[in-house]
Amino acid sequence: MAFSSMAFLFGFLPAAVLCYFLIPARWRGGRNGALLLFSLIFYAWGGLRLLPVLVWSCLVSWAAGLLLAPGRRHRRAVFRAAAALNLLPLVCFKYTGFLLENLNALGLELAVPGLLLPAGISFFSFQSVSYLADVYRGTVLPERRLSRLALYTAFFPQLLQGPIVRYGDFGPLLADRRETVPEISAGVVRFCFGLGKKVLLADALGNAANAAFSAGDRLTVGLAWIGSIAYTLQLYFDFSGYTDMALGLGGVFGLPLPENFDYPYIARSATEFWRRWHITLSRWFRDYVYIPLGGNRCSRGRHLLNLLAVWLLTGLWHGAAWTFVIWGLYYAALLMGEKYLWGGALDRLPGPLRHVYALVLINFGWVLFRSGSLEQAGAVLSAMAGFAPGGLWSGEAEYCLRQYAWEWMAALPAALPVKDRLSRALERRREDGSRISTAALAFGPKLMALCLLGLSAVRLLSSTFRSFLYFQF
């Protein structure tokens, strides 16, 4: 069940909120129980047969966490076994087909099973491993209540696409938190803004991206660039829109979630981009893979191997395909280059040139990410370089610009920190006594959120439903 579906917006979510707030605030266990029940229903909605995978992750993490308590014997062996048991379903469901297909390409004749990937498995598997690692390191105490650890694993706002949460941040709130009217109001506003990003911008720009990536021999230079830029914006609004909705819902239930985006397209290098894009995933790989391997506190050769390992795993985490492997290695090469080769020269360039440098490289990377095969990626990148089978321009390219003109005009400022700068300017004027600024800050976001909710509902009723892009990961 997607956040942008009518079933969620006008069925599941109102029922979950109503049941949650009908339970007295002093009965914290009851409210947690209601959230857990609705989280399990939310997950089972996509297929009851997939629920055991989530339950398995909860049970393994809970039992292993108790065995990892300080003073227990064989803690290292328990941690390794529990981490492997948590990652085993992810490996089996996500990578079995990829492995067998490549073995068959080498001449073997193995049957490739059609395994259905459980939704969100990449996220809740990593989240469970982070809990086990933190207990093993002694940074958090093992959770003795299975229901609390299950809610941490299955919390429906962030279950399917993150952000990836640490138990040290989430667990204490299960026992002691307060849901306040200002936080609930802010959460609803953020949810509506995220819904608008997804329904009004991402889905429309996705049509332009699809036109380019499916053009075949009709692909022109202009259409290739329009399609790649459209996908660059689509992916951002789709994923950050989901994150806004997740963080908004977390605020409604008094369970704040970590930020996952910080305007990544204002980055001036590939390194800075990954400090701003999918922040919780980058931190996960940093804390649980990169630093344990030695990080950058080692020889240059070892550091390069550490970067290569992290980015190979990052690519494979996103998908079981050679396009994702190459995409991960592409960023490994960029980060290595910025660290040891051209980073100094890059720092001396004017800011606008550094920004163009980053955007072009990010755009090339998303072509690899979007393509269904290396052949398709090569065709689109070749067309962007001027070698397009359809020539320079076409009516289809012009159609993609004209048909989605409003979305293009809204998307560009929405991807930049325009809203934050406007809010700061209004805040300064309010401090100077401006009543107009006070009213704009008090009612402007709420009014805009209401408009976005209405427009999104109309768009959902008049168009075909589209799932979130990161559901496939």
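His278 counts as buried, at 0% relative accessibility. By buried I mean under 20% relative accessible area; exposed is over 50%, and partly exposed is in between, with a 1.4 Å probe and protein chains only. His278 also has a positive phi of about 45°, although it is not a glycine. It lies in the loop between helix H11 (270-276) and helix H12 (279-293). Helices here are DSSP runs of H or I with at least four residues, strands are runs of E with at least two, and both are numbered from the N terminus.

A word on the source. This is a predicted model, in which local features need pLDDT of at least 70 and side-chain atom pairs count only at pLDDT 80 or more, while totals for chains, interfaces and linings use all residues. Residues are numbered from 1 along each chain as its sequence is written, and side-chain values use heavy atoms, with hydrogens and water left out.

Back to the histidines. His74 has a positive phi too, about 60°, and is not a glycine either. Its place is the loop between helix H3 (51-67) and helix H4 (75-105). His74 is exposed, with a relative accessible area of 56%.

Another loop, between helix H7 (156-159) and helix H8 (167-175), holds Pro163. The peptide bond from Gly162 to Pro163 is cis, with omega near 5°.

Now the whole chain. The secondary structure comes to 21 helices and zero strands. The radius of gyration is 23 Å, close to the 23 Å that the globule rule gives for 473 residues, so the chain is as compact as a globular protein of that length. That radius is taken over C-alpha atoms, and the rule is 2.2 Å times the number of residues to the power 0.38. Buried residues make up 51% of the 473. Of the contacts with a separation of 6 or more, 74% are between residues 24 or more positions apart; contact means heavy atoms within 4.5 Å.

Leaving out residues up to four places away in sequence, Trp277 touches Leu235, Tyr236, Phe239 and Trp366, among others.

Helix H5 (residues 121-137) has 17 residues and reaches 24 Å from its first C-alpha to its last, close to the 24 Å expected. The expected span is 1.5 Å times one less than the number of residues. In H5, 15 of the 17 residues are buried, so it is largely enclosed by the rest of the structure. Ser128 lies in this helix and is buried at 1% relative accessibility. Not counting residues up to four places away in sequence, Ser128 touches Ser57, Ser61, Asn86 and Thr153. After H5 comes Gly138, whose phi is positive, near 85°.

Last, the cysteines. How many disulfides are there? The count is zero, where a disulfide is a pair of cysteine sulfur atoms within 2.5 Å. The sulfur of Cys92 is 18 Å from the closest cysteine sulfur, in Cys58, too far for a bond. Cys92 is partly exposed, at 33% relative accessible area. For Cys192 the closest cysteine sulfur, in Cys451, is 10 Å away, also too far for a bond. Cys192 is buried, at 6%.
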